[in-house]
Every structure is written in structure tokens, then in C-alpha cells.
Amino acid sequence: MHYRSWSLAGTLAFAAFFSSGCAGPRAALSTEAAGDPKLVIVTFDGVRWQEIFRGADQKLAHDPRFVGEEWFEDWVDKPYLRPADRPAALTPFLHQVVAADGVLIGNRDAGECARVTNDMWFSYPGYNELLTGRPDPSIVENDDKSNANVSFLEHLNQMPAFAGRVQMLGTWSLFPKIVNSDRSGIPVNAGFGDRGPTDAMTWRFGRQLLLKDKPRVLYLAFGDTDEYAHGGDYMNYLAAIERGDDVLRQIWEILQADPYYRDQTTLFVTTDHGRGNDPVEAWQDHSAVRYHKLNPDYQPQYNETGVKGSGDVWFAAIGPAVRRDGATTQATGLCAETRQVAASGLSVLYEDWHRFDPEAGAPFPFIRTGDRP
Ligand SMILES: [Zn+2]
């Protein structure tokens, strides 16, 4: 199925917004006007839509290459396969809270579409697209190079209202390069090593940030999921997803318990790329055809097709800027794309994304746009 782009529809909607003369008398009060809007973005590296919407995969769980037989019953079967609602058993917060009160999209079984628009399907191109609002075809490696592109975090950090109040924490040593900390001035705590599961550390510091520093914009980037998946460890990949979902629940509880954040903060959750599904072992990998054209010796079994489906992603959002009536892709036939995150983040904060980059992907239809009431 071919999906039209949501970006285009968003642009049209935006034009309609202005031409319909919305600059009428300002609403005197809204529930949100009590405080400045805030934004928390969370990513989990390389988490497939399959686990989010279908729960643990039967085939992978039963494959002794990916789950040791001695672990299967207690660590995979009981917690993730036996419950009647397998998706909610793995990611209860996303399903019981976010999907119920916000938006959770990318379920192909329900006809939804969500994807990256870069043609690489791995991390640096994915995070660049997410943070800058468009893919950069010149980024073809996870290189330890400072990003020439300006992220919407850097754009915000240049504004008086946000200066010094934009922060990032990430479980990957390249994040300071991706947001170009040297130039942008955005502090990125990514000092937890290059490899290996370190999400617990990232969250320990992230939690302190939320409780003490209280940034207006916070980006938390977790990475254990990708590490375990590349290692072929499905049990720990599942456990990392479950822990991630619990971190989201804790974040939401912290936000809703704090008068500075409560009912003023929109939480946005996504991933930088998907992973394969066919053949079965392709769940460990992710990369697109163009990457294989440039690197034919890297996993040559994928040279013709790339790792199919690994550009598929998913999006979740909850908070005052989320319009539930804009949620369904099915109703519109539009595809949600990673390049729409930057403009969506700016819109959450009532900032005009055109001033950031008029060619960035437009905000998602489920994010309210327009001026602050
Ligand atoms: Zn990876």
C-alpha cells in the first residue's frame, strides 16, 4: 500500500489555518495557560512495532538461538506469552495509559503506517531526521562527527525563553555529536560508555534532572534494546522494552506530581528505526538498500532488499498538546514520519516551526498547532 505523506497534509492544514482568519479575540483562559508548555521526548533505540503492537513474538521466543531453553519458561513464557493481552503484558503503560488517553500509532495489523524517511535505517540518520525535521542523505555512517545540521533543540536553546533549559541524556556516545553540543550549547550526558546496557544509568540521571533541574525540554534516549537485539538476545531485548515502558510510567508520574509540569507537559515517545522480520533472524538487524549499495561486504545477504521493514517505526504521545481526534492514520490514509517530530515538538511549545525550517516535516495531525491561547 502506498501512503501519502502526513507532512504535506499538515502543510495544507497550516495554510487553511491562516487563511481562515484565526486571529480573533484571544481566549481568556485555557487549562494549559496556567504555565508554560513543556516537552519530554523519549526514544528507545531500534524497538520494532511488532513488539509494541503484538507483544512478544512466539517464533522468536521459541527459537533456542534467541532465548536459552533454561530461561524460556520463567523469563519469557510466563511474563510475556501466556497473558491473554500480550502487548499490554510487555508495554502496559503504552497500552493502558498512552493509547487510552493519547495516541499510539504504527500498528500495521490495523492498517496504520509510521516510518523514517531517511534511506539508511540506522541510528545517526534516524536521530538526525528526528531532531532536525528532515533526512540528510549525506549521513551514511554512524560516524563520530559533529552534525552540520541544526536540531530543533538547538533552535530552542537560542531563544531567551528556553536558553539553558533544554537538556538531553543518552545511552550512546555519539549523541553529543548528533546535537552538536559544541555549537548548540546543549549539554548531553552520554558518558556511560559506548557499548553495553547502560539505560539504568541514563534513567538514574534523567530522573534527577526531572526532579531537580526541571528543564522545559528534555530528551532522553535509551539504547539497551538495540544492543540486546544485535546480540541476538531476545529475552533481554524484551526485558529492556518492559523496563523502558516502566520508565515511561515513572516519568509520567513524576511529571503529573509536580505543579511545574503537571498538565503542561507533553510526552512524546518513538524509536530511531525498526528491525527486520523476514527471514526470522533479521529481527537482529536493520539497514536499507542504499546502505548496502555503499557497503556491499556488510551482511551481503541483505544487499538486494536491505533488512526489509527496518525503516518502520511507531509513535506515542500523551499530554495537553495531543489531539486524540487526529490520531488515526487509517481514517486519513496518511503515513506518520520521523521527520515530523521536530515540528511537532515545536508546536507542543507553541513555537512556529516554519521559523525553524519551513522544509521540515509538518507537525503530526494529532499535535495541536497554532498560537498560544
Ligand atoms: Zn542498531
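Guide: Let's start with burial: of the 373 residues of the chain, 52% count as buried. A residue is called buried if 20 or more other C-beta atoms lie within 10 Å of its own, exposed if 12 or fewer, and partly exposed in between, with C-beta atoms placed from the backbone. Keep in mind that this is a predicted model, where local features need pLDDT of at least 70, side-chain atom pairs count only at pLDDT 80 or more, and totals for chains, interfaces and linings use all residues. Residues are numbered from 1 along each chain as its sequence is written.

Visitor: How many helices and strands does the chain have?

Guide: You'll find 17 helices and ten strands. Both are DSSP runs numbered from the N terminus: helices are H or I with at least four residues, strands are E with at least two.

Visitor: How do I read a sheet, and in what order do the strands form the open sheet here?

Guide: Strands of a sheet pair through backbone hydrogen bonds, either parallel or antiparallel. Two strands count as paired if DSSP finds at least two bridges between them. In this chain, seven strands make an open sheet, ordered β3-β9-β8-β2-β7-β5-β6, with mixed pairing. β3 (103-105) and β6 (188-189) are at the edges with a single partner strand each, so one side of each has no neighbour in the sheet.

Visitor: Which way do β8 and β9 run, parallel or antiparallel?

Guide: Antiparallel: four bridges join β8 (residues 265-270) to β9 (residues 315-318). For example, V269 has A316 in β9 as its bridge partner. Helix α6 (residues 92-101) packs on the sheet, touching β3 and β9, and its direction makes about 70° with that of β9. Contact here means C-beta atoms, placed from the backbone, within 7 Å. Axes are lines fitted to C-alpha atoms, for helices over the stretch in contact, and angles run from 0 to 180 degrees between N-to-C directions.

Visitor: Which strands does α13 lie across?

Guide: Helix α13 (residues 234-257) lies across β2 (38-44), β7 (217-222) and β8, at about 170° to β2.

Visitor: What about the backbone angles?

Guide: Most residues other than glycine have a negative phi, and most peptide bonds are trans. D263, in the loop between α13 and β8, has a positive phi of about 60° although it is not a glycine. D263 is partly exposed, with 13 other C-beta atoms within 10 Å. The peptide bond from D278 to P279 is cis, with omega near 0°, and P279 sits in the loop between β8 and α14 (289-294).

Technical notes. Contact = placed C-beta atoms within 7 Å.
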